[in-house]
Amino acid sequence: MWILLAVVLKTTNPGVSIPVLDKPLIHNTQLECEKSMKSIYDEYKLLQVNYPVKVKYEKNDNNQKYMVCTYKPDYTKPKITTYYYCLKTFVK
């Protein structure tokens, strides 16, 4: 099983950011998980036309692909950054 995990970082003060896990989605295969992440990417990509949204794929030190989405819900509020990872789950 694979899980698409979204970790949201809201920066309230310059030195403080609190991570929040948001809507974990369960998938049977890695391909399904990556397709789900790609559909989220496509949705955010369309929003870039009218809103201050930045979305991109990155790779970590283990060469695993993840997605980063940064936006401001309002110009007076701080940025919100969300990291999307496809992770393999293990059962004991």
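Colleague: Is K56 buried, partly exposed or exposed?

Modeller: Buried means under 20% relative accessible area, exposed over 50%, and partly exposed in between, with a 1.4 Å probe and protein chains only. At 45% relative accessibility, K56 counts as partly exposed. Please note that this is a predicted model, in which local features need pLDDT of at least 70 and side-chain atom pairs count only at pLDDT 80 or more, while totals for chains, interfaces and linings use all residues. Residues are numbered from 1 along each chain as its sequence is written, and side-chain values use heavy atoms, with hydrogens and water left out.

Colleague: What is the mean pLDDT of the chain?

Modeller: The term pLDDT denotes the predictor's confidence in each residue, from 0 to 100. Where pLDDT is low, the predicted coordinates should not be read in detail. Here the chain has a mean of 87, and 93% of its residues reach 70 or more. Helices (H or I, at least four residues) and strands (E, at least two) are DSSP runs, numbered from the N terminus.

Colleague: Which residue forms a salt bridge with K56?

Modeller: A salt bridge is a side-chain nitrogen of Lys or Arg within 4 Å of a carboxyl oxygen of Asp or Glu. By this rule the count comes to 2 salt bridges. The partner of K56 is E58, with the closest N and O atoms 3.2 Å apart; E58 is partly exposed at 27% relative accessibility. In the other case K38 is bridged to D42, the closest N and O atoms being 3.0 Å apart. Both K38 and D42 lie in helix α1, 4 residues apart, about one turn of the helix.

Colleague: How many aromatic pairs are there?

Modeller: A pair of aromatic rings is described by the distance of the centres and the angle of the planes. Rings of Phe, Tyr and Trp (its six-membered ring) pair if their centres lie within 6.5 Å; planes under 30 degrees apart count as stacked, over 60 as edge-to-face and the rest as tilted. The count comes to 4 aromatic pairs. One of them, Y41 with Y57, is stacked, at 4.7 Å centre to centre and 25° between the planes. This pair links distant parts of the chain, since Y41 is in helix α1 (residues 30-47) and Y57 in strand β3, 16 residues apart. Y41 is buried, with a relative accessible area of 14%, whereas Y57 is partly exposed at 27%. Another pair, Y44 with Y84, is tilted, at 6.4 Å centre to centre and 50° between the planes. That pair also links distant parts of the chain: Y44 is in helix α1 and Y84 in strand β5 (residues 80-88), 40 residues apart. Both Y44 and Y84 are buried.

Colleague: What lies over the face of Y57?

Modeller: A charge sits over a ring if NZ of Lys or CZ of Arg is within 6 Å of the ring centre and within 35 degrees of the ring normal. In this model K65 lies over the face of Y57, at 4.9 Å from the ring centre.

Colleague: Where is N63 found, and what is its phi near?

Modeller: Most residues other than glycine have a negative phi, and most peptide bonds are trans. Phi of N63 is near 65°, a positive value. N63 is found in the loop between β3 (53-59) and β4 (65-71), and N63 is exposed, with a relative accessible area of 54%.
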